[in-house]
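Visitor: I am new to this structure and would like to learn how to read it. Please show me the model and take the features in turn.

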Amino acid sequence: MSTHNAESCVINAPLEKVWAAVSAQDFKFWSLVKSTEQASSSSEVGSTREVTFNDGTVQTYRLIEYSLIKNALTYEIIESKPAVNFLSAQHTIQVTRVTANNTSFVQWISDYSADGSEAAVLDAKYKKLEALAELAKSLEN
């Protein structure tokens, strides 16, 4: 069983607009997220944010990589209420310019510790697909 999941899409919006929405890390585009509280700057490595989902789940994410050159960020889950059924997970979101038509290619990758279950990986797959579709809808003209 793979503990890796990658989902992607092309969004009909320029890189700058898509990166601004992604790099804010507030997930305002995603209907599953009720609120996000950031402890400090959204680009400061080591900063944390608490994400509250509509189902009552509260997760704390720590930013572990932020690149303006690659238009990418990586965060890890450091706390979850209720608890998740895996030891660790790292998530990377990267935005790449599609030069042929000034659109953006967005990829969201998750890597789970070896104890990550198939159910967790599949859940992440469908949630990412939904989130990417909602990101696209919120940014496309």
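Predicted model: local features only at pLDDT ≥ 70, side-chain atom pairs only at ≥ 80, totals over all residues.

Visitor: How many residues does H2 have, and what span does H2 reach?

Guide: Helices (H or I, at least four residues) and strands (E, at least two) are DSSP runs, numbered from the N terminus. The expected span of a helix is 1.5 Å times one less than its number of residues. Helix H2 has 22 residues and reaches 32 Å from its first C-alpha to its last, close to the expected 32 Å.

Visitor: Which residues of H2 are buried?

Guide: Buried means under 20% relative accessible area, exposed over 50%, and partly exposed in between (1.4 Å probe, protein chains only). The buried residues of H2 include Ala120, Val121, Ala124, Leu132 and Leu139. Contact means heavy atoms within 4.5 Å. The buried residues of H2 pack against strand E1 (4-11), helix H1 (15-23) and strand E7 (103-112).

Visitor: Is Tyr126 buried or exposed?

Guide: Tyr126, in helix H2 (residues 118-139), counts as exposed because its relative accessible area is 53%. Together with Leu122 and Leu129, Tyr126 makes a nonpolar surface patch of about 280 Å². Patches are made of residues with over 30% relative accessible area and no salt bridge; like charges are joined within 9 Å, nonpolar side chains (Val, Leu, Ile, Met, Phe, Trp, Tyr) within 5 Å. Accessible areas come from the Shrake-Rupley method with a 1.4 Å probe, and for residues only the protein chains shown count as cover.

Visitor: How many salt bridges does the structure hold?

Guide: A salt bridge is a side-chain nitrogen of Lys or Arg within 4 Å of a carboxyl oxygen of Asp or Glu. The structure holds six salt bridges. In one of them, Glu76 and Arg62 have their closest N and O atoms 2.6 Å apart. This pair links distant parts of the chain, with Glu76 in strand E5 (residues 72-81) and Arg62 in strand E4 (residues 58-67), 14 residues apart. Glu76 is buried at 16% relative accessibility, whereas Arg62 is partly exposed at 31%.

Visitor: Which residue forms a salt bridge with Glu79?

Guide: Lys81 does, with the closest N and O atoms 3.4 Å apart. Lys81 is exposed at 52% and Glu79 is partly exposed at 38%.

Visitor: Where is His91, and which side chain does the side chain of His91 join in a polar contact?

Guide: His91 is in strand E6 (residues 89-98) and counts as buried because its relative accessibility is 7%. A polar contact is a pair of N or O atoms within 3.5 Å; within protein, one must be able to donate a hydrogen and the other to accept it, and residues adjacent in sequence count only if both atoms are side-chain atoms. The side chains of His91 and Ser110 are joined by such a contact, at 2.6 Å. Not counting residues up to four places away in sequence, His91 touches several residues, among them Leu73, Tyr75 and Trp108.

Visitor: Where is Ser113 found?

Guide: Ser113 is in the loop between E7 and H2, and at 14% relative accessibility Ser113 is buried. A polar atom of the Ser113 side chain lies 3.2 Å from the backbone nitrogen of Leu87.

Technical notes: Residues numbered from 1 in each chain as written. Heavy atoms only, no water.
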